[in-house]
Amino acid sequence: MENKKNKTKNKTRFQPGLYKTLTWHFIKNTLTGKKRFPLVLMLEPTHRCNLACMGCDRIRTAAEGDLPVSACLEAARECGAPVVAITGGEPMIYKYLQPLVKGLLSEGKYIYLCTNGVLAQEFIESFTPHPALTLNFHLDGLDTTHDKITGLPGSFNKAVESIRKAKAKGFRVSTNTTVYKASDPGELEGLFDLLYSSSVDGMLISPAFAYQSVEDNIFFNRGEINEKFTRMSGFLKKYPLINTPTYMDFLCGRRQMRCTPWGNPTYNPLGWKSPCYLVTDSYFPSYARMMKETNWSLYEDGKDPRCANCMVHGGYETTVMRMAFTNPLEGLRLAFWNFGSNNKKR
Ligand code: SF4
């Protein structure tokens with residue numbers, strides 16, 4: 001049965017409860033003198049996937065076997081991040097997805113369940129929407145482009161159908177779009193119009209990361225990223241973007257920022273990935289060892305050559321959050337942006 005109470009559109013970019021939880025998380029960690037603490041756990045219970053996308057690193061470096069639910073919950077407890085992004089691989093083919101989501105919700109976590117949307121319908125039909133659960137669909141263009149990137153004809157239509165079903169049932173829904181060197185801004189505007197008319201609650205847009213495992217020349221450098229995002233910044237204002245305005249300034253080249261590589265630690269069947277979601281140098285058996293044994297300053301200061309063209313949200317949105325909790329002007333900017341109207345025309 002449809003959850004009518006949840007069918008109304010969300011008025012803020014992030015749930016007020018999440019905002020409160022993050023504020024408390026910052027206060028608690030700052031008071032206890034912690035310099036580095038995570039905001040979002042990137043949890044990859046499986047690397048298996050039903051697609052073979054063009055710019056994906058995981059299908060090229062995939063781990064064998066899936067994580068048990070108990071290991072996932074223990075990882076979430078161990079690192080203490082208030083938000084968990086369940087990603088992969090494709091989480092919809094992870095056999096224990098529902099117990100995992102229920103377990104994380106019962107521990108008070110906010111969840112972003114990331115999916116390509118092709119196999120999402122069974123989950124949508126059988127799971128009850130929860131205010132702390134957001135279904136996050138990945139779409140990189142309109143049908144022809146998206147299907148070319150995923151390698152599966154019809155994958156775009158399936159994802160859009162899943163988005164509409166999820167919204168109709170009362171799920172909180174967001175989308176994630178990776179921008180490549182060849183992405184056409186006009187086409188992306190068409191995609192966002194379509195997602196907007198499907199009442200999605202938030203849209204995230206991020207430049208692709210140049211994975212070493214991906215040989216195709218589909219990635220761009222910082223100058224090209226600045227140029228593309230500046231071109232798009234006019235029309236992006238129309239949509240409920242969940243990129244913060246400070247991160248958008250960074251993407252457009254209007255300000256410089258340092259990365260926070262430890263803000264989004266990644267856990268998968270190989271262990272705790274170091275140094276970040278994008279670069280893999282080593283795996284550790286525990287979160288504590290990963291934090292202790294990684295040379296963070298190398299990445300915070302952008303000294304590693306692989307960071308040179310990286311502007312991916314995972315590394316920099318945490319920096320924005322840290323700035324908001326240490327600089328009152330940045331904090332006000334973030335609060336106005338989050339609590340300002342998210343649905344002016346809807
Ligand atoms: S700049 Fe990018 S690649 Fe480098 S540590 Fe940060 S997130 Fe990772």
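Thr-244 touches Glu-317, Val-320, Leu-334 and Trp-337, leaving aside residues up to four places away in sequence. The model is predicted.

**Thr-244**
- Thr-244 lies in the loop between α8 (222–236) and α9 (245–251).
- Thr-244 has 23 other C-beta atoms within 10 Å, and because a residue with 20 or more such atoms counts as buried, Thr-244 is classed as buried.
- The C-alpha atoms of Thr-244 and Arg-13 are 9.5 Å apart, although the two residues are separated by 231 residues along the chain.

**Strands β5 and β6**
- Strand β6 comprises residues 202–207 and is mostly covered, with five of its six residues buried.
- Strand β5 (residues 172–179) pairs with β6 in the parallel sense, over six bridges.
- Within this pairing, Thr-175 stands opposite Met-203 in β6.
- From β5 the chain passes through helix α7 (residues 185–197) to reach β6, and this β-α-β crossover is right-handed.

**Surroundings of the ligand**
- The ligand is surrounded by 14 residues.
- The closest of these residues are Cys-259, Cys-276, Cys-307, Cys-310 and Gly-315.
- By class, the shell around the ligand consists of ten nonpolar, two polar and two charged residues.

Methods:
Residues numbered from 1 in each chain as written. Predicted model: local features only at pLDDT ≥ 70, side-chain atom pairs only at ≥ 80, totals over all residues. Helix = DSSP H or I, 4+ residues; strand = E, 2+ residues; numbered from the N terminus. Buried ≥ 20, exposed ≤ 12 C-beta atoms within 10 Å, placed from the backbone. Contact = placed C-beta atoms within 7 Å. Pairing = 2+ DSSP bridges. Right-handed = clockwise from strand over helix to strand, strands pointing away. Near = placed C-beta within 6 Å. Nonpolar A, V, L, I, M, F, W, Y, C, P; charged D, E, K, R; others polar.
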